[in-house]
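Visitor: I have a structure open and would like to talk it through. Could you walk me around it?

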Amino acid sequence: MANKRELRITVWQFVRIMVSLEARRTRPLVYDDWKAAWQELDGELTRLGHDDHAAYSDLMMNQEVVLEFSNDKRRGEIRAALERVMQRMKQELRVAQSGKEERRSLKFELHELSELHRTLK
């Protein structure tokens, strides 16, 4: 398809997006587009989570996935998923009674997701 667009994001961002898309009663089209990659990655993360925590962390934080989306409708679906994720994270920060490290992690993720959201405009 001539108007395919590429999205290069870290694995943890992909996980956040796909979990948000999965939670929808009617899943957006982009979920179906990325479902095979998601299932493969989710299986690998599950395996590493049990067997190799260092490799799990490396995959989540340091590796990227390269995804394609074919049109502006899909871009809008991605942006909407990011908006839902960021809204939940902001709520978590408001009520968080967790330690500094968890709050710092949430703020980092929120900032990175906000930047991704901005680039998709």
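**Helix packing and overall build**

Guide: In this predicted model, helix 1 (residues 11–22) packs with helix 5 (residues 100–119) at an angle of about 80°, and their axes lie 11 Å apart.

Visitor: How are helix 1 and helix 5 oriented to each other, then?

Guide: Angles of 65 to 115 degrees count as roughly perpendicular, and helix 1 and helix 5 are therefore roughly perpendicular to each other.

Visitor: Which residues make the contact?

Guide: Helix 1 contributes Trp-12, Gln-13, Arg-16 and Ile-17, while helix 5 contributes Leu-106, Phe-108, Glu-109, Glu-112, Leu-113 and Leu-116.

Visitor: And how many of the residues in that contact are nonpolar, polar or charged?

Guide: The contact of helix 1 with helix 5 has six nonpolar residues, one polar residue and three charged ones.

Visitor: Changing topic, what pattern does the protein follow along the sequence?

Guide: The protein has five helices and two strands, and read along the sequence they follow the pattern β-α-α-α-β-α-α.

Visitor: How compact is the protein for its length?

Guide: Its radius of gyration is 15 Å, close to the 14 Å that the globule rule gives for 121 residues, so the protein is as compact as a globular protein of that length. Along the principal axes, the C-alpha atoms fill a box of roughly 45 × 35 × 25 Å.

Visitor: What about burial and surface?

Guide: Of the 121 residues, 36% are buried, and the accessible surface comes to about 7600 Å², with 46% of that belonging to carbon and sulfur atoms.

Visitor: Of the contacts between residues at least 6 apart in sequence, what share joins residues at least 24 apart?

Guide: Among those contacts, the share is 73%.

How values were computed:
Residues are numbered from 1 along each chain as its sequence is written. This is a predicted model: local features need pLDDT of at least 70, side-chain atom pairs count only at pLDDT 80 or more; totals for chains, interfaces and linings use all residues. Side-chain values use heavy atoms; hydrogens and water are left out. Axes are lines fitted to C-alpha atoms, for helices over the stretch in contact, and angles run from 0 to 180 degrees between N-to-C directions. Helices (H or I, at least four residues) and strands (E, at least two) are DSSP runs, numbered from the N terminus. Angles under 35 degrees count as roughly parallel, over 145 as roughly antiparallel, 65 to 115 as roughly perpendicular and the rest as oblique. Contact means heavy atoms within 4.5 Å. Ala, Val, Leu, Ile, Met, Phe, Trp, Tyr, Cys and Pro count as nonpolar, Asp, Glu, Lys and Arg as charged, and the others, Gly among them, as polar. The radius of gyration is taken over C-alpha atoms; the globule rule is 2.2 Å times the number of residues to the power 0.38. Buried means under 20% relative accessible area, exposed over 50%, partly exposed in between (1.4 Å probe, protein chains only). Accessible areas come from the Shrake-Rupley method with a 1.4 Å probe; for residues, only the protein chains shown count as cover.
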